[in-house]
Amino acid sequence: MADGVNTMKRYFNILLSPCVVFSGIVAGIIIGTTNEELSARVAPVGDIYLSLLQACILPIMITAIISSLGRLLTTGYAFSYIGRLVFVFVAGLTLAGMLGLTSGLISRPGKGVDRSDRITMGKTIFEAEVNYEKEAHRPSDFLSFVKKIVPANIFRAVTEGQNIAVLFFSILIGIALGLIRSSSSNTTLSVIDSLYDAFLKIIGWIMYGLPFGLMCLIANQISKVGIAIILAMLKLIIIFYACAFILLIGYSIVIWFRVRGTYIRSLLSLKETLLVALGTSSSFASIPSALRGLSRELKVEKQTADLVIPLGISLNPHGSVVHFAIAAVFISQIYGIPFGLKETSITLFGSIIAGLAASGVPGLGGLSMISLVLDPLGLPSKVAVILLAAIDPIVDPILTAVNVYGNCASTTLIAKKAV
Amino acid sequence: MKEILILIQTAIIILLFATHAVAGNIAPDIEKILKKRKITVAMHCEDTPPFFMRSKRGFFYGFDVELAQDIARRMGVELEFNRSASSFDEVVELIVRRKADVAISMLSRTLSRAKLVSFTDSYIVLHRALLINRIILAKQKMEYEGLLRILNNSGIKIGVIEGTSYVDFAKQDFPKALILLYKDWSSVIKDVLEGKITAVFYDDLEIKEFNRKNPDSALYLQTVIMKDKKDPLSLAVHWEDAHLLSWLNLYLQTIREDGTYDRLFKKYIESEQWQTE
């Protein structure tokens, strides 16, 4: 009997191997490019899978932050730790923004775009604008971003998935529990810990469906891509990918330096995280596997990973910052606006703020945050949103991977170096 | 009894003759057209697809052209175009000076024109639309909200084409803005692209057509169709021609019922079917 269960388990574990997951992705790409009807039919399955995956993310985020902050405060060396966290986040975001800016300025994706490409872009914009005349979302400025951090009603923030507000509240609870220092607060932290483990367990089960789920998600995403607009904006897309690869390689080296073992091992430990990020284009969906990969495989301090990963998904999104910085340079080049010192600093600061703001908004809504960069530059953000949305299915996966992997690298920098 | 029958018969015969005599006494405005055996239609001199234009093979056609042909056919007369007017206001003038019987020239009805001529019911309702320079728009930070409210401002320059109804519409919709008159379409487009003016104000059909011909312009110019601001097109006749006016109104009603209108609307307005001709 026990033997039978073990055999079953072995069969099921095949589903977890990266080869099977990868072939799921490839199958998705093939279906997406060749069979539009089938892609549309499997789309709901993919959506259900993603919902299932995301259902457990918010509780994991909340429990991870509360328990790690609470335990951190009871140990006493919290301040130096928080200082390091802030430094790593700020430095990382600034570096990402600078990389985006310089690569945009050097490779000039928006200069000398030929007429046929401009025609394709113009058509895309015209269709999008004429069909959606009443603008549903309003652009946000810095103040409205700050407003979103503080929830008026924490339960509403949770049900509506206002992640930044939830983070803020979890931090408050974590600090409060840490400062109480009584036996009952310890018990509470233990309860939260076991809840956290339970949610991770559920995610572990859901992971068995990953190859199939990714196939459905990717097939649908690929089939939605308009080939003409991709070709028209190919140069911009290549720059996004080039920057993403530079960053991903940089992160892998950082992780390798901070943890023990070979370079290959450090890469393989986070393979699942990267595959989930690429396949789902959702940073949140990849939180659990990032936590597992970091603390179980790479032996990074569990407490640090539990705190930094959920926080960093919203507060340390390198990929989004690079995205907005390059896009801002691209748009300024399309309109022939000279790029001086003033514009450079606006773009650097603006794209960091926009990146932070975008991570709090799910889906394409995040793209509208580019108005935080373009409005001060006096550039039309509507055009930018439409064009970026058109190439989003191609660009989003790799940028999500940058967001997630950058966070893992930041975590290893904040954690004490493994000995 | 027999006498009575004969009396009734005579009465009927007299009555029949009487009605026939009445039928011979036609309203003078219609009679004039029937007598000269042709109806003269005033139409703007420049081709304006999809209302009146020439195909690649030189074939003259369009929504207004087919309407004019159908009117002539149903009236039983020949058709003649007078295309000497180089602005839409001049088309109205042709009617006033009796150089044409009816204006079929995608003519917007405005109150100032209605002082000079009589308009029929509308046969197509266009919408007022704008092409706005995106950079000026972004600099004004008015991309999303209250766009039309902010366009009505003293610092804003709006370009319209001379002699069109949009001169009146612009004064109505944007009384505070500076309205600049342009001779033709290409010069007003040039200025809005260069940012010398904020926006061009015209009908949605023409602006959509411009976008179709110049798809890359959407990068630089934002199209805004004012769904709540209508621009009804009507036929126009001389104010004295009251009966012709009522005949044309009945005609417009009839073609809506017998499917002619639907066919024309599908061919020229709803689809781009006409472009293949």
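Predicted model: local features only at pLDDT ≥ 70, side-chain atom pairs only at ≥ 80, totals over all residues.
Chain B contains an open sheet of eight strands with mixed pairing, in the order β4-β1-β5-β10-β6-β9-β7-β8. The edges are formed by β4 (78-85) and β8 (178-182) of chain B; each has a single partner strand, so one side of each is left without a neighbour in the sheet. Strand β1 (residues 38-44) of chain B pairs in the parallel sense with strand β5 (residues 102-103) of chain B, over two bridges. In this pairing B:Val41 has B:Val102 of β5(B) as its bridge partner.

Two domains are assigned in chain B: domain 1 covers 27-124 + 239-276, and domain 2 covers 126-231. Taken over C-alpha atoms, the centres of domain 1 and domain 2 of chain B are separated by 28 Å. The contact between them involves nine residues of domain 1 of chain B and eight residues of domain 2 of chain B. On the side of domain 1 of chain B that touches domain 2 of chain B, helix α4 (residues 88-96) of chain B gives the most, with three residues. That side of domain 1 of chain B has three nonpolar, four polar and two charged residues.

B:Gly163 lies in the loop between β7 (157-161) and α8 (165-173) of chain B. Leaving aside neighbours within four places in sequence, B:Gly163 is in contact with B:Ser87, B:Phe88, B:Asp89 and B:Glu90. B:Glu90 is 73 residues from B:Gly163 in sequence, yet the C-alpha to C-alpha separation of the two is 7.5 Å.

The contact between the chains takes 23 residues from chain A and 18 residues from chain B. On the side of chain A that touches chain B, α6 (115-131) and α21 (381-414) of chain A each supply at least two residues. The most is given by α6(A), with ten residues. By class, the residues on this side of chain A divide into eleven nonpolar, three polar and nine charged.

The largest nonpolar core has 151 residues, of which A:Ile370, B:Ala199 and B:Phe201 touch the most other members. Helix α21(A) supplies the largest share of this core, 19 residues. Not counting residues up to four places away in sequence, B:Ala199 touches B:Leu130, B:Leu131, B:Ile132, B:Asn133, B:Leu151, B:Ile158 and B:Val192. A second, separate core of 41 residues includes B:Leu94, B:Ile95, B:Val117 and B:Trp247.

The peptide bond from B:Pro49 to B:Pro50 is cis, with omega near 0°; B:Pro50 is placed in the loop between β1 and β2 (53-54) of chain B. A:Ser281 has a positive phi of about 55° although it is not a glycine, and is found in the loop between α15 (271-280) and α16 (287-297) of chain A. This serine, A:Ser281, counts as buried because it has 23 C-beta neighbours inside 10 Å. B:Arg37 is in the loop between α2 (28-36) and β1 of chain B, and is exposed, with 10 other C-beta atoms within 10 Å.

Notes:
Residues numbered from 1 in each chain as written. Chains lettered and ligands numbered in written order. Pairing = 2+ DSSP bridges. Helix = DSSP H or I, 4+ residues; strand = E, 2+ residues; numbered from the N terminus. Contact = placed C-beta atoms within 7 Å. Nonpolar A, V, L, I, M, F, W, Y, C, P; charged D, E, K, R; others polar. Domains from an automatic or database assignment. Core = buried A, V, L, I, M, F, W, Y, C linked by C-beta atoms within 7 Å. Buried ≥ 20, exposed ≤ 12 C-beta atoms within 10 Å, placed from the backbone.
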